[in-house]
Amino acid sequence: MNSLINQATLILKRGGLIAMPTETVYGLGADAKNPDALRKIFQAKQRPTDHPLIVHLADISQLSEWVRAISPSAQRLAEAFWPGPLTLILPKAAQVSDLVTGCQQTVGVRIPRHPIAQALLRSFGSGIAAPSANRFGRISPTTAAAVYEELGDTVDLILDGGICVVGVESTIVDVSGKYPVILRPGMITSTQIEAVIHQTLVTQKRNVPRVSGSLEAHYAPATYTQLLSTEEFSHFLETLTEGDLPVALMIRTPLTLKNKKITCIAMSADPELYAHDLYQTLRALDNREFKRIVIEDVPQSERWQAIRDRLLKASFRPL
Ligand code: TXA
Ligand code: MG
């Protein structure tokens, strides 16, 4: 892996694109100080340029180069959860590129804990801007193969770090204002965050385009995808006709169905394991010829919040 890290470092220094594993999802990385390299990210993802990028760093000592100020609660969150699946939105330092911030006065920063991301960040020695390594609006990749499926040869090098352990994107907390706000739920929950900052969090409910992950139709498979409550799910099975087949079911309640045109995927009852498998399962099902993917809803409790958020987005269809 060492020579691959060196190669990836060289590519970044020359303004190229790499894909790196993180514990959440794979990121499409470029030198966060090189505008030409940053532009390549937007081209490869076909992402609008006003959507800001997260800057990934190796450790807290690099923070002052990217952020102007860090509040006591932001400092506490950084100490508690970094390296890990948390992104903090902070007031940006003057020199941070508009391409990173989407012309805002804030910058998103994360210190990932995946050993390969850590090794690369240390070797590169500066910030790597990295959105999830998927085309805009599609499911985030959690394996190297999924990155290739999404972006093909537009990436100069894909570092293979196996399947991402967390499986869904980081929790984003905006700590740039008076009150901390969760912009995107992740596997680090509000309660965990509140316990560290001793403050009640505000959850942003409305759609704010600057957080592309907050657009309703995001993380969506191409196959028609439905999220049904356990009752709706039973009703769907009872009224299923030949015309609905083949269908894929992602279930939590064990079922035995003897129809070859019904593919049943038993998802875990544990949210950590469910999150770990979620995108890989959706992607695999989306690559087969199903008429639809039907997902049994998950509990509304906090530990499931990030998963439920992604399921709602995966199944959202504008009227
Ligand atoms: O887990 C993750 O966060 C992954 C890995 C690769 O680190 N990255 C990721 O990046 O999910 P992306 O670009 O797919 O999603 C980051 C979200 C975007 O919706 C972006 O709009 C938002 O973070 N964001 C970044 N900087 C921001 C800022 N300054 N203010 C508000 N939102 C910001
Ligand atoms: Mg993304």
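Predicted model: local features only at pLDDT ≥ 70, side-chain atom pairs only at ≥ 80, totals over all residues.

The crossing is right-handed. H3 covers residues 72-81 and H7 covers residues 190-197. Their axes come within 9 Å and cross at roughly 120°. That angle makes H3 oblique to H7.

Next I listed who touches whom. From H3 I noted Ser-73, Arg-76, Leu-77, Ala-80 and Phe-81. They meet Gln-192, Ile-193, Val-196 and Ile-197 in H7. I sorted the residues of this contact into 6 nonpolar, 2 polar and 1 charged.

H9 passes H10 in a left-handed crossing. On the H9 side I found Pro-271, Tyr-274, Ala-275, Leu-278, Tyr-279 and Leu-282. On the H10 side I found Ile-307, Arg-310, Leu-311 and Ala-314. The contact of H9 with H10 divides into 9 nonpolar residues, no polar ones and 1 charged.

I stepped back to the whole chain. How is the protein chain divided into domains? Domain 1 runs over 2-197, and domain 2 over 225-315. I took their centres over C-alpha atoms and got a separation of 29 Å. Domain 1 gives 25 residues to the contact and domain 2 gives 18. Together the two domains bury about 1,700 Å² between them. Carbon and sulfur atoms carry 54% of that area. Which residues of domain 1 lose the most area to domain 2? They are Ile-139, Pro-185 and Met-187, together 34% of what that side buries.

Last, I checked the backbone. Most peptide bonds are trans, and most residues other than glycine have a negative phi. I noted some exceptions.

- The bond from Trp-82 to Pro-83 is cis, with omega near -5°. Pro-83 sits in the loop between H3 and strand E4 (86-91).
- The bond from Leu-245 to Pro-246 is cis too, with omega near 0°. I placed Pro-246 in the loop between helix H8 (230-238) and strand E12 (247-251).
- Cys-103 is not a glycine, yet its phi is positive, about 65°. Cys-103 lies in the loop between helix H4 (98-101) and strand E5 (106-110).

Terms used. Residues numbered from 1 in each chain as written. Chains lettered and ligands numbered in written order. Heavy atoms only, no water. Axes fitted to C-alpha atoms, helices over the stretch in contact; angles between N-to-C directions. Helix = DSSP H or I, 4+ residues; strand = E, 2+ residues; numbered from the N terminus. Parallel < 35°, antiparallel > 145°, perpendicular 65-115°, else oblique. Left-handed = near helix turned anticlockwise from the far one by under 90°. Contact = heavy atoms within 4.5 Å. Nonpolar A, V, L, I, M, F, W, Y, C, P; charged D, E, K, R; others polar. Domains from an automatic or database assignment. Buried area = accessible area lost by both parts, 1.4 Å probe.
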